[in-house]
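My entries follow the order in which I looked.

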Amino acid sequence: MRAQTGQSLRSSTRQGGRRRRAVPAAVAVAIGVMTLGALAPPAASADAAARPDAVQQALNTLVRDDGMPAALASVQGRNGRTRSYTAGVGDLTTGSKVPRDGQVRIGSNTKAFTAVVVLQLVGEGKIDLKAFVDTYLPGLVRGKGIDGRRITVRQLLQHTSGLPDYGIHLDDDEIRNRYFEPRELLDLALKHQADAAPGETWGYSNTNYVLAGLIVQKVTGRPLAEEMDRRIIKRIGLRHTYFPTPGEMTIREPHPHGYHRNPANTPLRDFTEMDPSVGWAAGQLISTNSDLNRFFTALLAGRLLPAAQLAEMRTTVPAGTSGLRYGLGLTSRPLSCGGVYWGHGGDIAGYETRGGVTDDGRAANVAVTSIPTDEAATQHVKDAVDRALCG
């Protein structure tokens, strides 16, 4: 869950919720070590193979030029017609095909789901965006320059709290097989100095969303995963989206394997199985590209939030220098064909997902099975989304 700054709102931690360092630490337990030389030629999905279009070409580039083991996309037009695309291989050991619309770990896209639950509770009068964190979690948030009596719920959701990110203090070695309680993640952050005073500046921090999740649980008296499932996943029929249970390290449905490299010049390692609890409310969900399209489409259409709360979610502040703007768990990014698209994006070791929807009903999400390690590859993922939405 790397932080996506002006260049790429990189989800959250590199592990579903933390900001990415130059390149995250090496994986301690590697299931199979693969080199780039093992990559198979791109393989188009059935509905795109006959006539490669701009989206298919973009996915092919990600595999051929950027070394991604696999790339997947789901694109929905204004008329609701959906097309699926794949390139590469689903498993570098066996060379198996990429499952069409396979499940992937969606990293910081989880933040949009968490924000929706918080805003639903705002609409119900149970949470106030202007209230301080201490209103719901009294005495919990204290540290060097950190005081929950000065940080509002809005600042958590918009990353303007100044809270340090726990994720940058964790290595992949530590987290792959370790279960974290949410309070442990918060404690990791509170050992460090505040990054800024509340409201002073925008700064991506997974810690904000751990606190948002804790507030949901305090207000509802129910686990965050249950609230997310009841209020969003079941409500709009996301059949392939779920919050992994404690200790659940596998992916339930057909999925491409996810690979990780650290440092950038080392071989790819299979990182498909991991404990995603380090992401929790900031990055633990598993989903598919088509389910993400359905989620963001329903959200922007007003099917998940009352108009007042959706307007709050879409009220943005600048986040970097590339035109990216951050609302309450929702981002906007300019399109080459004009206008913007709304989404979030996310990464966690093994997977990266980017995409969103436009106000006129177009939707696209792209996933790759290794986090890009250079700006060229990062740009190519964003280009694939842009082509899908502008084509």
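The entries below record what I looked up.

**Basis.** I worked from a predicted model, in which local features need pLDDT of at least 70 and side-chain atom pairs count only at pLDDT 80 or more, while totals for chains, interfaces and linings use all residues. Residues are numbered from 1 along each chain as its sequence is written, and side-chain values use heavy atoms, with hydrogens and water left out.

I searched on a 1 Å grid over the protein atoms alone. A cavity is a set of points where a 1.4 Å probe fits but cannot get out, and a pocket is an open set with protein on both sides within 12 Å along at least five of seven lines. Lining residues have an atom within 4 Å of a point. Points are joined across faces, edges and corners, and a volume is the space filled by probe spheres set on them. Helices (H or I, at least four residues) and strands (E, at least two) are DSSP runs numbered from the N terminus.

**Largest pocket.** I found about 310 Å³ of space in the largest pocket. It has 17 lining residues, of which Val75, Gly77, Arg83, Ala388 and Gly391 are the closest to its centre. Helix 2 (54-64), strand 2 (70-76), strand 3 (82-88) and helix 11 (375-390) each give two or more residues to the lining. Helix 11 provides the largest share, 3 residues. I sorted the lining into 7 nonpolar, 4 polar and 6 charged residues; Ala, Val, Leu, Ile, Met, Phe, Trp, Tyr, Cys and Pro count as nonpolar, Asp, Glu, Lys and Arg as charged, and the others, Gly among them, as polar.

**Disulfide.** Which cysteines form a disulfide (sulfur atoms within 2.5 Å)? I found Cys337 and Cys390, with sulfur atoms 2.1 Å apart. The pair ties together parts that are 53 residues apart in sequence, because Cys337 lies in the loop between strand 12 (331-334) and strand 13 (340-343) and Cys390 in helix 11. The torsion about the S-S bond is about -75°, so this disulfide is left-handed.

**Cavities.** My search of the whole structure gave 2 cavities of 30 Å³ or more.

**Helix 3 and helix 9.** I noted that Asn109, Ala112, Phe113 and Val116 in helix 3 meet Leu292, Phe295, Phe296 and Leu299 in helix 9, contact being heavy atoms within 4.5 Å. The residues of this contact divide into 7 nonpolar, 1 polar and no charged.

**Lys218.** I placed Lys218 in helix 7 (residues 206-220). Not counting residues up to four places away in sequence, Lys218 touches Tyr136, Leu137 and Pro138. Lys218 and Tyr136 are 82 residues apart in sequence, yet 6.9 Å apart in space, C-alpha to C-alpha.

Methods: A disulfide is a pair of cysteine sulfur atoms within 2.5 Å.
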